[in-house]
Amino acid sequence: MSLSFCILASGSNGNCSVIWTEKATVLIDCGCSAKYITENLAALGIFPRNLTAAVITHAHADHISASGIGFLLKNNIPIYLHEDIFEDAFRKYGKKVEEYISMPFYENFKIGDIAVESFEVYHRDKNVSRTFGFTFSHEMNARQYKIGYVTDTGMICGKIIRNLINSNILVLESNYNRIMLNSSFRPYDNKKWVASSWGHLANEDAASAIAKIKMLSTGRDSLKYVFLAHISSHHNTHELALQTVKETLLSKGILGIRLFTAKRKRRCPVVSIR
């Protein structure tokens, strides 16, 4: 028995991850091309016929692309998304999305032997009305193991922290370095949105959240693996994101977390809990 996880891609060019157990294989977001998704799943020994379902965080094109939609529909993969995300996607892609299964707001559900819980996070603009984070839990040997997943949020509140407590694997956005964002070539309005409570998460805020989640967790092996996700290529670096988190954790005496940065067009290492 095992719970396995891999980020296939993370960033503004496309986001896609996969979780699998003996009885279920779940895709999280489909913001990459069908070719990229197919090839990277195949490298893990996963084929479209093996996919039980897909879950969508929100309707930005880097999380649900036209090609990704085509991949899901071609292979008859059920897709779970909130009704507001459905409406956002429908405005963009039209009738292509009508076959999707809508996920009720805040309702918990199961995909095979994976229990899924959704919670709203802080990421909106004129094209996206709601964004969700998720936890994915799987029972092995009478113990619950959990993956926490938040890739786009402008801020972290107590409710998000509570949902992510006791995650064994955590995926959390660490999008920008404040100095690099302020001095970047991006238009002022875009920079203002990125730094707002409805935009993206700064390195320092990600680091603080990880420390809080770890300190509040009581489970054995909590936050064993942490992936820093959605790292900007324009106003951040992987080195800065890692350094900020490492320094924060060290300052609080937190040890034993294996930190990774998620790449834009390269698979992360597979992590498995057995």
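Guide: Residues are numbered from 1 along each chain as its sequence is written. In this predicted model, local features need pLDDT of at least 70, side-chain atom pairs count only at pLDDT 80 or more, and totals for chains, interfaces and linings use all residues, while side-chain values use heavy atoms, with hydrogens and water left out.

Visitor: Why is Tyr176 called buried?

Guide: Buried means under 20% relative accessible area, exposed over 50%, and partly exposed in between, with a 1.4 Å probe and protein chains only. Tyr176 has a relative accessible area of 3%, so the residue is buried. Its place is in the loop between β11 (169-173) and α5 (178-182). Helices (H or I, at least four residues) and strands (E, at least two) are DSSP runs, numbered from the N terminus.

Visitor: Which residues does Tyr176 touch?

Guide: Contact means heavy atoms within 4.5 Å. Not counting residues up to four places away in sequence, Tyr176 touches Leu181, Val194, Ala195, His200, Leu201, Ala202, Asn203, His235 and Asn236. The C-alpha atoms of Tyr176 and Glu204 are separated by 9.0 Å, and these residues are 28 apart along the chain.

Visitor: What makes Glu87 partly exposed?

Guide: Glu87 has a relative accessible area of 42%, and is therefore partly exposed. This residue is found in helix α3. Glu87 and Arg258 are 38 Å apart in space, C-alpha to C-alpha, and 171 residues apart in sequence.

Visitor: Which residues of helix α3 are buried, and how do you know that they line one face of the helix?

Guide: In helix α3 (residues 83-93), the buried residues are Ile85, Phe86, Asp88, Ala89 and Tyr93. Seen down the axis of α3, they fall within an arc of 165°, so they line one face of the helix. The arc is that of the directions from the helix axis to the C-beta atoms. These buried residues pack against α2 (66-74), β5 (79-82) and β9 (131-140). Just after α3, Gly94 takes a positive phi of about 70°.

Visitor: Which residues of α2 are buried, and what puts them on the same side of α2?

Guide: The buried residues of α2 are Gly68, Ile69, Phe71 and Leu72. They cover an arc of only 155° around the axis, which puts them on the same side of α2. Their cover includes β3 (25-28), α1 (34-43), β4 (53-55), β5 and α3. Asn76, whose phi is positive, near 55°, follows α2.

Visitor: Why are α1 and α2 called oblique to each other?

Guide: Angles under 35 degrees count as roughly parallel, over 145 as roughly antiparallel, 65 to 115 as roughly perpendicular, and the rest as oblique. Axes are lines fitted to C-alpha atoms, for helices over the stretch in contact, and angles run from 0 to 180 degrees between N-to-C directions. The axes of α1 and α2 cross at roughly 55° and come within 8 Å. The two helices are therefore oblique to each other. Ala34, Ile37, Thr38 and Leu41 of α1 make the contact with Ser67, Gly68 and Phe71 of α2.

Visitor: What makes α7 and α8 oblique as well?

Guide: Helix α7 (residues 203-216) and α8 pack at an angle of about 40°, with their axes 9 Å apart. They are therefore oblique to each other. In this packing, Asn203, Glu204, Ala207, Ser208, Ile210 and Ala211 of α7 meet Leu240, Ala241, Thr244, Val245, Thr248 and Leu249 of α8.

Visitor: Why do β7 and β13 stand at the edges of the sheet?

Guide: The open sheet has seven strands in the order β7-β8-β9-β10-β11-β12-β13, with mixed pairing. Each of β7 (109-111) and β13 (258-261) has a single partner strand, so one side of each is left without a neighbour in the sheet. The twist averages 25° from one strand to the next.

Visitor: How do you know that β9 is paired with β10?

Guide: Two strands pair if DSSP finds at least two bridges between them. Seven bridges join β9 to strand β10 (residues 143-150), and these strands run antiparallel. Glu139 has Gln144 in β10 as its bridge partner.

Visitor: Why is β9 described as largely enclosed?

Guide: Nine of the ten residues of β9 are buried, so this strand is largely enclosed by the rest of the structure.
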